[in-house]
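Student: I would like to learn how to read a fold from its features. Could you take me through them one by one?

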Amino acid sequence: MTAVADTLALTVRDLLRALRQPWFIAVVLVQPVIWLLLFGALFGSVTQIPGFEGGEYKQYLVPGVLVMTAFFSSGWSGMPTIDDIDRGVVDRLLVTPVKRMPLIAGRVVPNLIQLVVQSLVIVAMALAIGVRFEGGVVGVAVLVLAAGLLGTGFAALSNGLALITRQEETLIGAVMFLQLPLTFLSTAFMQPALMPGWIATVATYNPVDWAIRAGREALSASPDWAAVAGRCGLLCGFALACLLLATRAFRAYQAQV
Amino acid sequence: MIEAHGLTKRYGDVQALDGLSFDVAPGTIFGLLGPNGAGKSTAVKVLTTLARPDGGDARVAGFDVRTEAARVRRAIGVVAQRSGVDVELTGRENVILQGRLQGMRGNDLARRADALLAQLGLGDSARRIARGYSGGMQRRLDIAMGLVHRPKALFLDEPTTGLDPEVRAAMWTEISRLTEQEGLTILLTTHYLEEADKLASALAIVDRGRVVARGAPDELKAALEGDALHVELGDAAVNGAIVSALASVGGLREIHVDGRSLRARADDGARTVPAVLAALDSHSIGVASVTVARPSLDDVYLRFAGRSFAAAEAATPPKEPVR
């Protein structure tokens, strides 16, 4: 119970901070819309490639953009932690009775709240431009759940890296290094049948792709729930592993204090 | 309340703690006095469970800092050298968050937070974002956060470093008042001799990770018999020349020369001055100024660490910001 209360207290802290930055909120809300419209327009003619299955590209694109947005936002979750390290906030928290997991969860949960809000914006925008969600509310919920599991993993990882590297530049470098490759080594924008074989192979090991495929399957007219559950299971494992890694990172941090 | 026994800790090739031992009696302010780099902050990090010692052991409020860290954390308040205030939150939000994390809830927490903020003179600015606080205000907010859960022991690591002299004096009054009110045990680290003299009822002088002297400030000063003689020389002189020049002066002991600064101890300061001046003059050593004073903690430090406080401070490479 204490762990939940501690996570909640830290979540409130991050939300208060965020609400005082109107520009940050504006970016959070507008960016996913731009992705959706931009990629929709840019790659729209992909549907004309022989072998592309299904109708309109925007229909295909929505799960990709939603998961990509979740993935991008989560990667930066460790940035305020670096600031906290520099200001002595991390050291102060470490000498309170709060356990290590709530300290990480206190950053992961605010990120999840942001992720859900962004997802709702994307879904609303998609509906506005005429995308049909055949999987209905359940399908959308599963898509957001998959994106949330992915986001949990990468937000935890980002915080773990922040604790180990303690340097903004290093963290930014690591996040940039992962973001675009992992996004494009997935079925976010291109159907697997149209990809070079090696990319399709790499994609099957990519957590970003697990989330996209789970969400896309759940949104289809007649989902293969076993496949959805399998990928969500993998994502759970990924999220858990990252959370454990991040809590272990406090040891590395404290060894250098 | 706080017991350290033979603590050792090494960072790379720096031996930060080298068998540090001391005891702090409940309800007292205990000062760890030493120059920058003496190991005071490392001692605080170990005693507050932030860092693990390489060797030795320590108990705080009856709990082992290694094996019962969670219990230690509940019993202590910490005001670290680096602030730890979240500058994006208001002062009150900072205190409330800290209280929540210490397991406090509801009305008890709200009342305690408001009372502390008012007591520390932050009542009017409690609902302002802490980024706009002055250095002294942030420090007082740090203290409010350290005290919110009514700890048994409070650690103050260099609480007045970087503050203006007037603000520093106000903080001293604040700290003494709080100890009385809350019946706290305080471990204070400082490199201001005056601060230790003013606040601490007992202190340990730390040099190179070890305690070199301990006792009440007055006891330590009384242990040094005679007056402190401080001569500012016209030019830096050769140590040997000065010692031989002063050999003939009676009642003069513990002669230390550091650049242009000459320190010694005299049974009767006022009487010895003319003899010292005459002896230096006869060896053509110019004198810029002479002062005679009752022993200070600086003299105590010189006696036990074998170097003056200022010299020890200068010998320490500037501390790199911890990142």
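Tutor: Gladly. Let us start with pairing: two strands pair if DSSP finds at least two bridges between them. Helices (H or I, at least four residues) and strands (E, at least two) are themselves DSSP runs, numbered from the N terminus. In this predicted model, local features need pLDDT of at least 70 and side-chain atom pairs count only at pLDDT 80 or more, while totals for chains, interfaces and linings use all residues. Residues are numbered from 1 along each chain as its sequence is written, and chains are lettered from A and ligands numbered from 1 in the order in which they are written.

Student: Which residue of β8(B) is the bridge partner of F30(B)?

Tutor: That partner is L187(B). Strand β3 (residues 29-33) of chain B runs parallel to β8(B), with five bridges joining them. Strand β7 (residues 153-157) of chain B also pairs with β8(B) in the parallel sense, again over five bridges; there L154(B) stands opposite I186(B).

Student: How many residues of strand β8 of chain B are buried?

Tutor: A residue is buried if 20 or more other C-beta atoms lie within 10 Å of its own, exposed if 12 or fewer, and partly exposed in between, with C-beta atoms placed from the backbone. In β8 (residues 185-190) of chain B, six of six residues are buried. Both faces are covered, T185(B), L187(B) and T189(B) lying on one side and I186(B), L188(B) and T190(B) on the other.

Student: How is chain B divided into domains?

Tutor: Domain bounds come from an automatic or database domain assignment. Here they give domain 1 (2-220) and domain 2 (225-294), whose centres, taken over C-alpha atoms, are 40 Å apart.

Student: In what order do the four strands of the open sheet in chain B come?

Tutor: The order is β12-β13-β11-β14, with antiparallel pairing. β12 (252-258) and β14 (287-293) of chain B are the edges; each has a single partner strand, so one side of each lacks a neighbour in the sheet. The twist averages 15° from one strand to the next. Axes are lines fitted to C-alpha atoms, for helices over the stretch in contact, and angles run from 0 to 180 degrees between N-to-C directions.

Student: Which strands does helix α10 of chain B lie across?

Tutor: Helix α10 (residues 269-282) lies across β11, β12, β13 (261-266) and β14 of chain B, at about 160° to β14(B). Two residues are in contact if their C-beta atoms, placed from the backbone, lie within 7 Å. V292(B), in strand β14 of chain B, touches residues including L229(B), A270(B) and V273(B). V292(B) counts as partly exposed because it has 16 C-beta neighbours inside 10 Å.

Student: How many residues does the largest nonpolar core have?

Tutor: A nonpolar core is a set of buried Ala, Val, Leu, Ile, Met, Phe, Trp, Tyr and Cys residues joined through C-beta atoms within 7 Å. The largest has 138 residues, and those with the most contacts inside it include V67(A), A147(A) and L47(B). Its largest share, 16 residues, comes from helix α7 (residues 136-165) of chain A. A second, separate core of 14 residues includes V231(B) and L262(B).

Student: How many residues does each chain bring to the contact?

Tutor: Chain A brings 22 residues and chain B brings 24. On the side of chain A that touches chain B, the largest share, six residues, comes from α1(A).

Technical notes:
Lists of a residue's contacts leave out its neighbours within four places in sequence.
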